[in-house]
Amino acid sequence: MIKISTFLWLTLFSFCCSANTDTVAVKKHLKNITKTASYRNPENLAQLNSIAYYIKTDFLKYSDKVSYQEYKVDGKIYKNVICSFGTENQQRIIVGAHYDVCGDQEGADDNASGVVGLLELARQLKGRKLNKRIDLVAYTLEEPPYFRTEQMGSYVHAKSLKDNKVDVLGMISLEMIGYFSDKENSQNYPLAAMSKVYGNKGDYITLVNTTEKGKFVEDFSQHFKQAKTIKTEEFNAPRSLPGIDFSDHLNYWNFGYSAMMITDTSFYRNKNYHRKTDKMETLDIRRMAKVIDGVYLALLKLTK
């Protein structure tokens, strides 16, 4: 009787702690975010706000701690969307992705894929007991003309954490997590010699860190790789390497936080980058789901 009970307990524990990204939901979210009447950029503020509302509405299904972080640029109000879990804890982990696009294009990989990752993480985190707070943050104004300015949503968010002396363990940027290819020579690099180390197929996800990544990034990366949900490579390089800071994590680095980016390597692989061809039909939903699974399982390890 004891053996059976133990077996059942272990089975239940394994089931409860397993990741289970819903590919049907992923497709639904991608469609709702990308197949819109206009494009979600600053020139179409109503559309940008409509997507912010969509994100907030979905977050509210899983947490009652959801809010806008509003700020003004050129007389217009822009919104980050924040969804929190484990708010009884002081120390927190930030997982972020930007929902705006560059110009007039759907931006399925860049960066609806990352935003959908946040929505699926929210669904899976609902009701979980955590010993650290997790904030899922959907940023606005990551793309040009605001990239690398203080108008970026992630700059505003990171600065607010610093100004309020929030105890931040670390930050993860989900930046283009949906494009994969098994074809030869489908993967490029900023340095040609890197192909000898990582191969020439775009069939993996990357964990991008600086050479001074910090304990949080080391621990998260270890847990992500140990989950073995998807083929994974880790890039540790100085910030001078082109592309290593091309997302929202750069603002957390600038404020002294341990931060990293999870990416399919963007324009080094996906030739639809910042083009009208960046559509959801080009994404690998199955492998994208596996990336989200890996993030979820790593977060559970860090917050158990």
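In this predicted model, helix 3 passes helix 4 in a right-handed crossing. Helix 3 covers residues 45–59, and its axis comes within 9 Å of the axis of helix 4, with a crossing angle of roughly 20 degrees. Angles under 35 degrees count as roughly parallel, and helix 3 and helix 4 are therefore roughly parallel to each other. On the side of helix 3, the residues in contact are Y54, I55, D58 and F59, and they meet V115, L118, L119 and A122 of helix 4. Sorted by class, this contact of helix 3 with helix 4 holds seven nonpolar residues, one charged residue and no polar ones.

**Helix 3 and helix 2**

Helix 3 also packs against helix 2, which spans residues 23–34. How are helix 2 and helix 3 oriented, roughly parallel or roughly antiparallel to each other? Their axes lie 10 Å apart at an angle of about 155 degrees. Angles over 145 degrees count as roughly antiparallel, so helix 2 and helix 3 are roughly antiparallel to each other. The crossing of helix 2 past helix 3 is right-handed. In this contact K28, H29, N32 and I33 of helix 2 meet I51, Y54 and D58 of helix 3. By class, the contact of helix 2 with helix 3 has three nonpolar, two polar and two charged residues.

**Helix 4 and helix 9**

Helix 4 (residues 108–125) has a further partner in helix 9 (residues 285–303). The two pack at an angle of about 50 degrees, and their axes are 10 Å apart. That makes helix 4 oblique to helix 9. The crossing of helix 4 and helix 9 is right-handed. From helix 4, the residues S113, V116, G117, E120, L121, Q124 and L125 take part, and they meet M288, I292, D293, V295, Y296 and L299 in helix 9. By class, the contact of helix 4 with helix 9 has eight nonpolar, three polar and two charged residues.

| Helix pair | Angle | Axis distance |
|---|---|---|
| Helix 2 and helix 3 | about 155 degrees | 10 Å |
| Helix 3 and helix 4 | roughly 20 degrees | within 9 Å |
| Helix 4 and helix 9 | about 50 degrees | 10 Å |

**Backbone details**

Helix 4 also contains N111, and a cis peptide bond joins D110 to N111, with omega about 0 degrees. Another cis peptide bond runs from P144 to P145, where omega is near 10 degrees. P145 belongs to the loop between strand 4 (133–139) and helix 5 (153–163). R148 is placed in the loop between strand 4 and helix 5 as well. What is the phi of R148? R148 is not a glycine, yet its phi is positive, at about 65 degrees.

**Aromatic rings**

The count of aromatic pairs in the model comes to eleven. Ring pairs join F147, F246, F267, Y268 and Y273 into a cluster.

Lysines are also placed over the faces of tyrosine rings. K56 lies over the face of Y68, at 4.3 Å from the ring centre. K162 lies over the face of Y257, at 5.3 Å from the ring centre.

Conventions:
Residues are numbered from 1 along each chain as its sequence is written. This is a predicted model: local features need pLDDT of at least 70, side-chain atom pairs count only at pLDDT 80 or more; totals for chains, interfaces and linings use all residues. Side-chain values use heavy atoms; hydrogens and water are left out. Rings of Phe, Tyr and Trp (its six-membered ring) pair if their centres lie within 6.5 Å; planes under 30 degrees apart count as stacked, over 60 as edge-to-face and the rest as tilted. A charge sits over a ring if NZ of Lys or CZ of Arg is within 6 Å of the ring centre and within 35 degrees of the ring normal. Axes are lines fitted to C-alpha atoms, for helices over the stretch in contact, and angles run from 0 to 180 degrees between N-to-C directions. Helices (H or I, at least four residues) and strands (E, at least two) are DSSP runs, numbered from the N terminus. Angles under 35 degrees count as roughly parallel, over 145 as roughly antiparallel, 65 to 115 as roughly perpendicular and the rest as oblique. A crossing is left-handed if the near helix is turned anticlockwise from the far one by less than a right angle, and right-handed if clockwise. Contact means heavy atoms within 4.5 Å. Ala, Val, Leu, Ile, Met, Phe, Trp, Tyr, Cys and Pro count as nonpolar, Asp, Glu, Lys and Arg as charged, and the others, Gly among them, as polar.
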